[in-house]
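Please work through each task before reading its solution.

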Amino acid sequence: MKTSFTLNGQAESLDLDPRTTLLDALREQIGLKGSKKGCDHGQCGACTVLVNGRRINACLSLAVTHDGDEITTIEGLAKDETLHPVQAAFLAQDAFQCGYCTPGQICSTVGMLQEAADGWASLVTADLTADTVLTDEEIRERMSGNLCRCSAYPQILAAIRTAGGLA
Amino acid sequence: MSSVKDWAAPTPISENRSGLIGKGVNRYEGRLKVTGTAPFAYEVEAPSPPAYGVLIPASIARGVVTSADVSQAKSAPGVLLVWSPDTVPAQGERGARINPRSQRGSNPALAARVEHFGQHVGFVVADTLENAKAAAALVRFTYDSVPADLIFEDCLDKAEDPEGEEDVRIGDFEAAYAKAPVRLDASYVSPLQNHAQMEPCATTAWWDGDQVTVHTSIQMVKGGQHTLAETLMIPSTQVRLLTRYIGGGFGGKGQSYDDLTLAALAARELGQPVKVAYTRQQMFQATIHRPAVQMRVRLGAQADGRLDAFALEAVTHCRREAPFTEHAANFARSLYAAPNRLTGHRLVKLDIPAAGAMRAPGEASGMLSLECAMDELAEQLGLDPIELRLRNEPETDPETGKPFSTRQLVRCMTEGAQRFGWDRRNPKPGQVRDGRWLVGLGMAAAIRGNFLLPAKAGVRIDADGTLTLRQGMTDIGTGTYTILAQITAETLGVPLSQVKVELGDSDFPPAPGSGGQFGAATAGSAAFAAGMNLRRALAELATGDPNSPLYGDDPELVTFGGGNIAVDNRAEPLDVLVARAAPEGVYVEGSITPAADARDYSQHTYGAHFAEVGVDPDTGEVRLRRMFGVFAAGRILNAKTAMSQITGGMIWGVGTALHEYNAVDPRYGSFIAQDLAGYHVPAHADIANLSAMFLDEVDDKANPMGIKGVGELGIAGAGAAIANAVYNACGARIRDYPLTPEKVLAALP
């Protein structure tokens, strides 16, 4: 099926097998392999990308459903040689070890910071009417869809605080 | 063979003139990882577009594949190849020299004989992943099943001595235990756990004539290369194995799996590159796991807490055809003083996937027993748990009498107690409340052996002054790239930016790979040796070159620093020297072997964990509130990556204590949890306020750099500290891990 979307600012047109997930389209058809396949079931978050600014699990989404969407992957965050502030913070805080969950963690962080800026509440938000304040507890809760088996969570938290201006 | 005495002399590492050793520099490959451009095995660019392989698992636990109907699959769209036990190409027997303890001698992929649920019995290759998956679902197998032993607890009467092992007895445990005025006899269960690395096993393979190139996700380069060569019945020189980035290993990728074998076989058959990845479900069913361990601890003490008698007996399991013993009692042989001692293991053989090494094999499960038993004994004696341990601190190794190379366990405990605020602990359980939460503190000791294996490394300097270290070593997220760059830069006195590190290639000088927390010491010592050899070569080059300001100087007096080679105030930049005197570059190798007298010392890493938990008395939920660890592990090469290793290990301990277990379905022999929703590894929300520190230490009996491993120490004892905190919080003493809500509720006093 013919599908067109904007990928990291560039127009992309593909003829896709309707069974192909967005993740496999990115990795196998387009050749952007930064988004990772950890579980293929939406349980680990390694495939997290931004669709129209919101984070989703690319493994749970069929590529043909994204006609007209704006998609940003880990490859689209840095501007030439300059890392995105979240990428730079992950590097400086050693917020990863093996690096396999990292693109998903970083995309998820970018999406999460926007959700908080937009005033979205989380499970641990006590006052739903107040402005969203990204406490450590809020960050941990909002990032729990991204597993890190190397368990870099303390360092990921530090990186998010740095990148989010919360340090 | 060298002696540990050779290792005490000053070196560029101990002098650390540019301060790179210990510095928390960013990861060498970090930029690639945060930009998503580090190519993992499935992502490597093949010389031509690859075909996609998909594995098909068996649905019985034990028996034989009697038929495979592949007709529909073969005619499905895009299918290039379908293999079943009767059509898979012949494979050589895997040699016993490859990981004989966890991998049986003969293990062809797609064998007709099914030895566990999930063993692969079919394989499909197609032009796209979607076509391969669809075709794989069309293959139909029939089986002859035979009865299988599946449930550990039901087969305990079949436990036997592990081959070639005997109990270790010192003194007369039974007599001393019978006479002891204070006794504790408690049994603990550590359940079956899965590695759950984020990156599933994967291989991309292609052939060029009779040479095969494989990119695969494996912790041991040489093991994978030789295993594949034996399987393909070709010399190892015809197999080039690369493993540059590995998405987590934790012991589970210490060996190769069917993705490697079948990608290589199919690429040969089809004459095009083939790539194969395990699904998450296959990661559970068709790799190794940490086996369950039942442990009985008996402690006999004097009223003052001194142990007279100590026993730790462990029963564990392995796959029937793949003997492996989780040595859950071994750590205890060096931990506490007691004149009468008994430790040993029994093994139950089951028809489930193979048991094998998982982060800190032995300690990770073993310390869950003894470190809780010490907590229980302390309460029985009315002693603080730290004081009980101090009273049983040995002066020399309690079983061998050998001196400790270093041992700062006491300082780990006392320093940790002070920083954590241990004195605020109320020894009586269930006394502290914070809202609805019952709050408690717990601690445990940590010990993990330190090892050094033989290894080589190569280093070259080019005419532009760039140093390139090459080693058949792996970085599984541990920081190997980074510490090898630091060692090389410090040894040659050049800036870090001038050093390149290339790993994970069987063409490079061999190193044993990542495992057993021996990686940094082993690979690093070889890199250091190579660097020292390059210093000598460059000193000879400069002092023998009439155009060098060092011409005629004694090579022994040459120093390196700031990118220069010098004697006194005569100096020249390394790139100038090499460009002039050796424009093709200088390449040398170095090697490390364990010192002959290293075994004269009892050599371990140590630590102490402190945990604060909240227990909800109505739901049984346990939440970590904070956790702190103090560790002594020799000289630390990189403050940042070492800390990440240690805190990562501690978090594994949290998972061990509170979340992680798998169970075997008695009907089929499959695991109940087969994905990351069913098998809960710690998520971000599970981990609060967790930190650690290292004590200053140099272990000059360990290796030339005085370093030790940190990859596994962090998990050792960590779960016990949590369990002890749970008891302190609410009075529920649970000896069956993990401490899930239903167990907590049932155990509340």
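**Exercise 1.** Which strand order does the open sheet of three strands in chain B have?

*Solution.* This is a predicted model, in which local features need pLDDT of at least 70, side-chain atom pairs count only at pLDDT 80 or more, and totals for chains, interfaces and linings use all residues. Residues are numbered from 1 along each chain as its sequence is written, while chains are lettered from A and ligands numbered from 1 in the order in which they are written.

Step 1. The order is 21-22-23, with antiparallel pairing; strands are DSSP runs of E with at least two residues, and helices are runs of H or I with at least four, numbered from the N terminus. Two strands pair if DSSP finds at least two bridges between them.

Step 2. Strand 21 (559–561) and strand 23 (570–573) of chain B are the edge strands, each pairing on one side only.

Step 3. Four bridges join strand 22 (residues 564–567) to strand 23 of chain B in the antiparallel sense. Ala566(B) has Ala571(B), in strand 23, as its bridge partner.

**Exercise 2.** Locate Phe250(B) and state whether Phe250(B) is buried or exposed.

*Solution.* Step 1. Phe250(B) lies in the loop between strand 11 (239–242) and helix 7 (258–270) of chain B.

Step 1. Phi of Phe250(B) is near 60°, a positive value in a residue other than glycine. Most residues other than glycine have a negative phi.

Step 2. Phe250(B) is buried because 28 other C-beta atoms lie within 10 Å; the cut-off for buried is 20 or more, for exposed 12 or fewer, with partly exposed in between, and C-beta atoms are placed from the backbone.
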